[in-house]
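User: I want to learn how to read the fold of a model. Please take me through it feature by feature.

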Amino acid sequence: MYSLPQDLAALREYVTAPSSGIQARSATTVVLHVTHSNLRRDFPEIRMDRHMTIAAVKEKLHSATGTSREAMSLTLMDESGTPKASLNDDTKLLGYYSPEDGDVLHVVDLDPHSASAAGWLDDTSLVKKYEMPD
């Protein structure tokens, strides 16, 4: 039979239990730290699916970094910064390169005229400030 007070107590215990700090995710998801050749800031904990093509990974990174897919060169490194692989075949899946949680995906922007090349995406001192007339 259904016991409302006991069920409510179990629900309350479940809801108020301490969190494990880990969000549920697919077994094919990998959490990568992304760095960029022209940007000072990093992008920690970017989730990627191992079944994504490298072209799809570049598309996802384009929205975060501003570097176009055509001007992007990717290097997969371990946590210490040692290169593991160059991801230069857009048709291969990310899982082909065996990324692990915590690995670094370094983006090199090959476009010398990129918005990130001169610091336009990082350096706010390059932005002309509005000056109020006296």
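Analyst: Start with terms. Strands (E, at least two residues) and helices (H or I, at least four) are DSSP runs, numbered from the N terminus. Two strands pair if DSSP finds at least two bridges between them. This is a predicted model: local features need pLDDT of at least 70, side-chain atom pairs count only at pLDDT 80 or more, and totals for chains, interfaces and linings use all residues. Residues are numbered from 1 along each chain as its sequence is written, and side-chain values use heavy atoms, without hydrogens and water.

User: In which sense do β1 and β5 pair?

Analyst: Strands of a sheet pair through backbone hydrogen bonds, either parallel or antiparallel. Here β1 (residues 29-36) and β5 (residues 104-109) pair in the parallel sense, over four bridges. H36 has V107 of β5 as its bridge partner.

User: How many bridges join β1 to β2?

Analyst: Five, and the two strands run antiparallel. T29 stands opposite D49 in β2. β1 and β2 form a hairpin, with six residues between them.

User: What is the strand order in the open sheet?

Analyst: The order is β2-β1-β5-β3-β4, with mixed pairing. β2 (43-49) and β4 (83-86) are the edge strands, each pairing on one side only.

User: Which residues touch the most other members of the largest nonpolar core?

Analyst: In soluble globular proteins, nonpolar side chains tend to be buried together. A nonpolar core is a set of buried (under 20% relative accessible area, 1.4 Å probe, protein chains only) Ala, Val, Leu, Ile, Met, Phe, Trp, Tyr and Cys residues joined through side-chain atoms within 4.5 Å. Here the largest has 20 residues; M48, V57, L61, L74, L87, L94 and L105 touch the most other members. β1, β2, α2, β3 and β5 each supply at least two residues of this core.

Definitions and conventions: Buried < 20%, exposed > 50% of the residue type's maximum accessible area, 1.4 Å probe, protein only.
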